[in-house]
Amino acid sequence: MKPRIAISLGSSFLGFATHAGFMARLHDLGIRPVAVGGSSAGAITSGLYAAGVSAENIRKVVFAHRFRRSFVRRTPWLTHYIRNTFFESNMGAFKTDGAVEYLKKVVGDVDIKDLKAPRYMAAVSNLETCKTHFLTSGPLAHVMIASCCIPTVFSPITIDGMACFDGGVAHEAPIDPWLEQEDIDLIIMHRVTHTPSAAPKLFPFNLFHLASKAHECASEQLQEYRVRLAGLHGKQLLTARTVHSRPVTFSGSQMPNYYAAGEAEAQRLYDTELKHLL
């Protein structure tokens, strides 16, 4: 019997184009997962896939300059600064209302619980309780962006009364709920990492770089534990890693190359490890 597959896409800086290429190539190769999910950029790509958005339309979204700009476009600078100074305990430099509205135009008013083929899961962090939550219900567009809300960079999105931050804080590529689900045999984890580069000199980009390195350190250690945990639960885990240069925040010139890199990694995984399991 063919293994029933779940695919988790990891958090990464603007990694949604790389994930999109990875998912598109696996789909072309006949892979039909029963579940998909992710954190941050991975939550966006897997959410679009779960919602039935075509590979071509996902490609258009992840390449769009308007989509990247939407993460900061609706920040009311003066009132936002005042609220963060005097009223907010969970502050962030930018508001993501524009990104939510952008994705709502793509997926509509879809609730995650209605996504069945495949079903969808996104990780978010609750910094007040220091816990990760794996959301399987709630408005899709809001949940996808909530999983991207890097602490201090983006203000959290409130879902069911909970202030939701980046799921990649503790779960770069979330898989934990799947370990106890009997209809999943094989888990594919796609991680996106960047080639070493000199840290930016300008603030706040040097701050973002440092936060990213701290996150990378924690992710590598937690990854080792999760591989062992999957084995203890009798799940087979395949890890794919795409490595490329760090994306420039508002430049999309390299997005086609990142998409192609994701496609190439999916083909490599299929040819070397996945094909003989199917």
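**Figure legends: the chain and its H1/H2 helix pair**

Buried residues account for 49% of the 278 residues in the protein chain. The model shown in each view is predicted.

**View 1. Burial and surface of the protein chain.** The buried share of the 278 residues is 49%, where buried means under 20% relative accessible area.

**View 2. Secondary structure and overall dimensions.** Nine helices and ten strands make up the secondary structure of the protein chain. The chain is as compact as a globular protein of its length, because its radius of gyration of 18 Å is close to the 19 Å given by the globule rule for 278 residues. Along the principal axes, the C-alpha atoms fill a box of roughly 60 × 40 × 35 Å.

**View 3. Contacts along the sequence.** Among contacts in the protein chain with a separation of 6 or more, 75% are between residues 24 or more positions apart.

**View 4. Packing of helices H1 and H2.** Helix H1 spans residues 16-28 and helix H2 residues 41-50. The two pack at an angle of about 35°, and their axes lie 8 Å apart. The crossing in which H1 passes H2 is right-handed.

**View 5. Residues at the H1/H2 contact.** H1 contributes Phe-16, His-19, Ala-20, Met-23 and His-27 to the contact. From H2 come Ala-41, Gly-42, Ile-44, Thr-45 and Tyr-49. Sorted by class, the contact of H1 with H2 holds six nonpolar and four polar residues, and no charged ones.

Conventions:
Residues numbered from 1 in each chain as written. Predicted model: local features only at pLDDT ≥ 70, side-chain atom pairs only at ≥ 80, totals over all residues. Heavy atoms only, no water. Axes fitted to C-alpha atoms, helices over the stretch in contact; angles between N-to-C directions. Helix = DSSP H or I, 4+ residues; strand = E, 2+ residues; numbered from the N terminus. Left-handed = near helix turned anticlockwise from the far one by under 90°. Contact = heavy atoms within 4.5 Å. Nonpolar A, V, L, I, M, F, W, Y, C, P; charged D, E, K, R; others polar. Rg over C-alpha atoms; globule rule 2.2 N^0.38 Å. Buried < 20%, exposed > 50% of the residue type's maximum accessible area, 1.4 Å probe, protein only.
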